[in-house]
Amino acid sequence: MTIRRVLLLGNHTPRQCGIATFTADLADALSAEQPGLDVLIAAMDDGHPQAYPERVALTIPDGDLDAYRAAATAINALNVDLVCVQHEFGIYGGPAGSYLLSLLRALDAPIVTTLHTVLENYSPEQHAVIEELAVLSERLVVMSGRAGDFLTTQGVPAGKVEFIHHGTPRLDFQRDEEKARLGLSGHEVILTFGLLSPNKGLETAIRALPAVVEDHPNLIYLVLGATHPHLREREGEAYREGLLALAQSLGVDAHVRFENRFATLDELGRFIAAADIYLTPYLNREQITSGTLAYALGSGKAVVSTPYWYAEELLAEDRGVLFPFRDEVALAAALRGLLDDPQRRAALEARARAYGEAMGWPAIGAQYLRLYAETSHTAPLTRPQPALPAVTLRHLAALSDDTGVFQHATFTLPNPHEGYTTDDNARALLLAAAVPDDPDAPLLARRTLAFLHHALGSDGHFRNFMSYDRRWLETRGAENAQARAVRALVTASADLTEPGLRGAARELLAHAWPAIGQLDSPRAQALALMALADRRLMDGPHGELDALAHRYAANLRRLWDAHATSGWPWFEPYLSYSNAKLPHGLLAYARAYGQPSDVALALVALTWLEDVQTGPQGTFWPVGSERVYRSGEARPLWDGQPIEVYATVAADLAAFEITGDGRWLELARRAVNWLLGRNPLGQSLFNPASGGCRDGVHRDRLNMNEGAESTLALWQGVADLRAAHLASSAFTLTGD
């Protein structure tokens, strides 16, 4: 099946830059190779109005994040078969061009990305962008073998990387005729072309000329190209004038000719044809491609260049001459060597022309079309849904002693060096109450309730961290621990099967309510709302506690009003950890206190969060804990934590309980599936041998430790899903 419509995203002519020319040339090549193919363009707008051709379907202001999101909607409406991105960090807005990612995340069509810059070492911001770009794209096209090696070394799967040469036009002009046209008959011509900027090394070329013109007095160094538009905006033509002044000071100004224009393809062909030697004296080794060098080699020119990455590869096997960076003496020697030896120069031209045959745009267009056809019909994975395991508390029993549940494990072994926490013992009490028939549940409930008893201070607040020798390491725990302990006690006071333990939980709870009276953390407030809502549903009105619930719910609304936008409908300007707790807390409050407007707000937030947490092929992919994630940035992909799964499951099930919409059950199951192998590594975090859960997903491996938080997240999520299943036939718990 042939693709019908493709959209190219990047710069486009008449904008003056190499990527704009590449995009236009690629569009022409695709149309020529497949007549009838609808090729559309989404062109980046840098604020300079352009008279774009008709195929430019939309423009995107490069510094407007909302415009990228709107562009995704517009592109989806075009019903394209594939989107091909031209990627260069500098042409998109945000840190290292990260605004682009917000567009790509929302596309329906598969993505192929052509990388015009690939580095051996990235800044953290650049690395984050490339890493997510690799996840979002079906294929990454590189224009050199070295670029592909860099990507695979950096962890991009080799199967995602496709090598396709930079395309070159067919420029059939005669040297002598074009020299005559340019008024250069009888001259030896060295050519450099492209937008002028200080990194092009033109100073080195001019400084080399005095030693060359001594023996070649008819030499002309022809520099074709306008000053880079951004440089011209800042400095006018000061850079070009400085080059002229340098030539004058060296006495070679009569041998240097500047053609100050952005040449058309026809003009460019004539200038290249007139050249005897093409010169790229660039200063930056870390240049992985060069359209100008590709054009020159494809036209069969003898090339002299500094050894930047692309030149090293393209000019290997004696297809050109390399000289050291900033070395005008070596450059002069290289130029004299070729000018003095026409036979050697002709041999270089022949080798360049032969190699360039495979780089013509017709061949390159055909390669892109084949790649597009393969990519647009890539079938989604059809792995069967993993079966939901039966809850077992045996690993948690192994992680506990007569004091309580240990916080961490080394592989499956309890790690006493990290001691205990109220956080994990409260979670374990919740789970023991949820699965009372498990053989380890009664003892786990007794131990964890006793731990909370000991953690509760005389002021009604809980301490959190305890060392292995039973010393409390603080006088008062963090706000999350306070709220989580109270929530666990509310559940235990109602759900524990043993009357004596229920009574003890109620006794502790009566002393613990002050622990959640002055919380500032939004996540702690959300946990408190869950506790307050459950209490109200069990015991009815209570003026002081109800007032507290209203205050915390009002604060979540205030945060929403302060931070939510159409593109970032969320309570904070970032996502960090246990994000789903925020809408969950508001849902719990809305259900208990009859607030339909809060239900609507929370569902908007939770729906958006589920979209953010969607990875390739619709799988769950939690925001990684490597760093905080802010709007417009590349998304943290790794160190995903099981706690994110449980927070999401709990919020989804709260949404299901309120709405009755089975989609929320499916989303909850999707999150649990991440723990069971539907993750980027394709490996289950659940360890059937121990009954534990590994602690997270790194780039290249699982975190093999099976701590309390991770294991509790798995089993609480599974237990809650099974309980929801009993109340609904909307989905199944078995494999597909």
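Predicted model: local features only at pLDDT ≥ 70, side-chain atom pairs only at ≥ 80, totals over all residues.
**Entry 1: starting at a helix end**

My helix and strand names are DSSP runs numbered from the N terminus: helices are H or I with at least four residues, strands are E with at least two.

**Entry 2: helix α23**

I checked the length of α23 (residues 581-593). At 1.5 Å a residue its 13 residues should span 18 Å, and the end C-alpha atoms are 18 Å apart, which agrees. The expected span is 1.5 Å times one less than the number of residues.

Buried means under 20% relative accessible area, exposed means over 50%, and partly exposed is in between (1.4 Å probe, protein chains only). Among the buried ones I found Lys 581, Pro 583, His 584, Tyr 589 and Tyr 593. They pack against α19 (479-495), α21 (522-539), α22 (543-563), α24 (596-612) and α25 (642-659). Contact here is heavy atoms within 4.5 Å.

**Entry 3: helix α22**

In what order do the 7 strands of the open sheet come? I read off β3-β2-β1-β4-β5-β6-β7, with parallel pairing. β3 (56-61) and β7 (161-163) stand at the edges with a single partner strand each, so one side of each has no neighbour in the sheet. From one strand to the next the twist averages 20°. Two strands pair if DSSP finds at least two bridges between them. My reminder from class: strands of a sheet pair through backbone hydrogen bonds, either parallel or antiparallel.

Then I zoomed in on β1. 5 of its 6 residues are buried, so β1 is largely enclosed by the rest of the structure. It pairs with β2 (residues 38-45) in the parallel sense over 6 bridges, and Gly 10 stands opposite Ala 43 in β2.

Next came β5 (residues 111-115) and β6 (residues 139-142), which run parallel and are joined by 3 bridges. Thr 113 stands opposite Leu 140 in β6. Helix α4 (residues 124-136) lies across β4 (82-87), β5 and β6, at about 140° to β5. Axes are lines fitted to C-alpha atoms, for helices over the stretch in contact, and angles run from 0 to 180 degrees between N-to-C directions.

Where is the cis peptide bond I looked up? It joins Thr 13 and Pro 14, with omega about 15°. Pro 14 is in the loop between β1 (5-10) and α1 (18-33).

I also noted Asn 79, a residue other than glycine with a positive phi, near 55°. Asn 79 is in the loop between α2 (65-77) and β4.

**Entry 4: aromatic rings**

How many aromatic pairs are there? The count comes to 21. Rings of Phe, Tyr and Trp (its six-membered ring) pair if their centres lie within 6.5 Å; planes under 30 degrees apart are stacked, over 60 edge-to-face, the rest tilted.

Tyr 368 and Tyr 372 make a tilted pair, 5.8 Å centre to centre with 55° between the planes. Both lie in helix α15 (residues 361-376), 4 residues apart, about one turn of the helix. Tyr 368 and Tyr 372 are both buried.

The rings of Phe 620 and Trp 674 have centres 6.5 Å apart and planes at 80°, so that pair is edge-to-face. Phe 620 is in the loop between α24 and β19 (629-630) and Trp 674 is in helix α26 (residues 662-675), so the pair ties together parts 54 residues apart in sequence.

How values were computed. Residues numbered from 1 in each chain as written. Heavy atoms only, no water.
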